[in-house]
Number of protein chains: 2
Amino acid sequence: MPELQKRLSKFMESLALGDLMLVVGVSGGPDSLALLHGLAAVMEGEHVVVAHLNHGLRGRAVEDAEFVRKTAVSLNLPHYIETIDVADWAAQHHLSLEEAGRILRYRFLAEKARECGAGAVVVGHHADDQTETVLMHLLRGSGLSGLRGMQMVRPLPEANDLLLIRPFLHTTRNEIEQYCKQHNLQPVQDESNENVDFFRNRIRHQLLPLLSAYNPRIKNRLQNLAEIVAADYELLDQLLLEAWSDLLIKHDGSWLQFDKAKWQKLPLSLQRSTLRYGVKQIRPFQSNIGFRTIEQARTMIEKGQVGSQATLPGETSLLNGYEVITIADDLAQVPHDLPLLLQDEPQVLTIPGEIRLNNDWVLQAKQLESFDFTQIENNPDDWQALVDVQTDH
Amino acid sequence: MPELQKRLSKFMESLALGDLMLVVGVSGGPDSLALLHGLAAVMEGEHVVVAHLNHGLRGRAVEDAEFVRKTAVSLNLPHYIETIDVADWAAQHHLSLEEAGRILRYRFLAEKARECGAGAVVVGHHADDQTETVLMHLLRGSGLSGLRGMQMVRPLPEANDLLLIRPFLHTTRNEIEQYCKQHNLQPVQDESNENVDFFRNRIRHQLLPLLSAYNPRIKNRLQNLAEIVAADYELLDQLLLEAWSDLLIKHDGSWLQFDKAKWQKLPLSLQRSTLRYGVKQIRPFQSNIGFRTIEQARTMIEKGQVGSQATLPGETSLLNGYEVITIADDLAQVPHDLPLLLQDEPQVLTIPGEIRLNNDWVLQAKQLESFDFTQIENNPDDWQALVDVQTDH
């Protein structure tokens, strides 16, 4: 058995998927073609289904779809070949072609997996894709989450009950091309080579060769980094979820509140990640949560006045309460249980007089003409305080 | 007060150092000169001591030392100016000039701090140094530890009771040069600009301008990454120390043993970090502990045979025992409490006969001529087993 098939077989076995059916995403390029060919050789045929989405973008798209269909037929595998106008959908949703293509592709694969009762989707991302992904995240900005790159096994985006499997993540582009040659596979030209993803292509063809001059093993280096960070991230993520379930007081769709004192006792790393997580709960599709914005909110909670507010990513707001931190789509719609000053500055309270607070709360002062010590001692109203004031007038 | 002094003053105050005396490392370049000038302005004079080490490397070294001396005198500050032959010391210790210079500089600063009773050493590393440091670690390879870059406050290397403070770590080279101009400071040319550290200079002058084409805010981006990772690393490091003290069974200088079952239950991130930490305990000065070597050792413990060995960085060895993992300078010198097969393959034990095991253990088989069931039931010797063997001869 060729080395690449051996590795593929060993990896698929290690997943212990049993009788699980697999949908293989096949563009027709070298990566997915080698993947399909390898899987067909090492798995029992009835477990493999081919899926190809024609993006409707390229002149050769129809020929590519036909090529994938023929390949599936020659391997005697069931197949789904469908077409969608990615450009149209991207324009409708104000997304880049790349982003739209990615979303529609995974949706299509998830849909087909459900249709044929498959439990997992398999795609051809390889070690060089991983290197480029890590570099893209490094350049564009991200914490550990981005430096992890892609995972070999994870839940499928937008279909968390299905698995997304990338068996080639430790296999290089070179090894895949060798495999194609050895088995006389004639892949089509991959889309990514035609500037669909311009930034990734610059990284592949310009930046990586340059970085090799600084470290000839740079690709290896970035792949190792992704592996190291993936495990570190997983542990930190678990700690985050534990901390969050301890902090959270209430989550009501468009707003949530968590315990300020507990949050303040968290280590810095978890103070940051819980704030990010809070925003994610209110804005699940907010992908860009900037470090500086989170830091400003964190500093405000640590050092700012009670009642102060900060703007968070996705136009959510944070309110720094006495005992509770609120993150909300719209703070005005959060039922405040506690009165807060509306301004940051100290306010003068005359006697008699009153100050308007948030949400129709009023702070009222009046002088008692007479009083009864027993009544003061047993003060039955939590919202009433009796104070001995020295009046000079 | 100029902005840079305000920031410096606020930061130094936040450290709440009280009456602690500071030794400022001054090369005479813009960074350390601005730092000294700023500190002299915002701190009370009697708390600041100047220290300059002449590396004996450059033509202008003597003039530089004289410049620092004059500057200290003009600021009315006590000062230490000393000379050492870095090139000679580097050759003796088989180190690069850069590495030797770094070690000798910190040793000198620590020595002078002790001499004058100072509690901290202050150096001029700034935000651009930080960017370059993070990139160097990215290129050369490292996990989170390297991506943290430098810290604003940490224990001084080789003198853990003293603090190393870097007040300019969030201040850019540009801001420092502006400050020098505004205050008419005439710094000498910094050594690092004269190819003492060739790799760093290539990163500064070639790679960073290039990366700006991919993201104009790349420096900011890498500084944020360092801040994010520093907090994540701190938390993971704390978890590592907790896990380690739970795992460790015995540490006897040149070898240590830890609990295998407990280690196997750790999350992947801590399995890796405890193995690295174990090597560090045996080889404190081993700076390069490769990811792949650690992964091989980890896989061997998880999947290898009991009794198998792996080579770890710094020519240390790991022994995969029944219940205990041993890391040692030399496994032969570890007193084994349990017998192990010397070979990986199964051995034939004849009756009567014996097999030699590790450390003078012997597995001996003989046939009993007669036996007593009560004696078998009460078998008083843990190292003796009585077996019913079907003998055909």
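**Exercise 1.** Determine whether Arg272(B) is buried or exposed, and identify its salt-bridge partner within chain B.

*Solution.* Step 1. Arg272(B) has a relative accessible area of 8% and is therefore buried; buried means under 20% relative accessible area, exposed over 50%, and partly exposed in between (1.4 Å probe, protein chains only). The model is predicted: local features need pLDDT of at least 70, side-chain atom pairs count only at pLDDT 80 or more, and totals for chains, interfaces and linings use all residues. Residues are numbered from 1 along each chain as its sequence is written, chains are lettered from A and ligands numbered from 1 in the order in which they are written, and side-chain values use heavy atoms, with hydrogens and water left out.

Step 1. The partner is Glu295(B), with the closest N and O atoms 2.9 Å apart. A salt bridge here is a side-chain nitrogen of Lys or Arg within 4 Å of a carboxyl oxygen of Asp or Glu.

Step 2. Because Glu295(B) belongs to helix 13 of chain B and Arg272(B) to helix 12 of chain B, the pair ties together parts 23 residues apart in sequence. Helices (H or I, at least four residues) and strands (E, at least two) are DSSP runs, numbered from the N terminus.

Step 3. Glu295(B) is also buried, with a relative accessible area of 8%.

**Exercise 2.** Describe helix 13 of chain B, its buried residues and what covers them.

*Solution.* Step 1. The helix has 13 residues and reaches 18 Å from its first C-alpha to its last, close to the expected 18 Å; the expected span is 1.5 Å times one less than the number of residues.

Step 1. Its buried residues are Phe291(B), Ile294(B), Glu295(B), Ala297(B), Arg298(B), Met300(B) and Ile301(B).

Step 2. The cover over these residues includes helix 10 (218-247) of chain A, and from chain B, among others, helix 12 and strand 10 (316-320).

**Exercise 3.** Which residue forms a salt bridge with Lys219(B), and which parts of the chain does the pair link?

*Solution.* Step 1. Lys219(B) pairs with Asp128(B), the closest N and O atoms being 2.7 Å apart.

Step 1. The pair links distant parts of the chain, with Lys219(B) in helix 10 of chain B and Asp128(B) in helix 6 of chain B, 91 residues apart.

Step 2. Lys219(B) is partly exposed at 34% relative accessible area, whereas Asp128(B) is buried at 7%.

Step 3. In chain A, Asp128(A) and Lys219(A) meet in a salt bridge at 2.7 Å, N to O.

**Exercise 4.** Characterise the interface of chain B and chain A.

*Solution.* Step 1. In total, 39 residues of chain B are in contact (heavy atoms within 4.5 Å) with 40 residues of chain A.

Step 1. The two chains bury about 3,400 Å² between them, 65% of it on carbon and sulfur atoms. Buried area is the accessible area (1.4 Å probe) that two parts lose on being put together, summed over both.

Step 2. The rule finds four salt bridges across the interface. Arg272(A) forms a salt bridge with Glu227(B), the closest N and O atoms being 3.9 Å apart.

Step 3. Among the elements that give two or more residues to the side of chain B that touches chain A are helix 9 (198-212) and helix 13 (291-303) of chain B. Helix 10 of chain B gives the most, with 12 residues.
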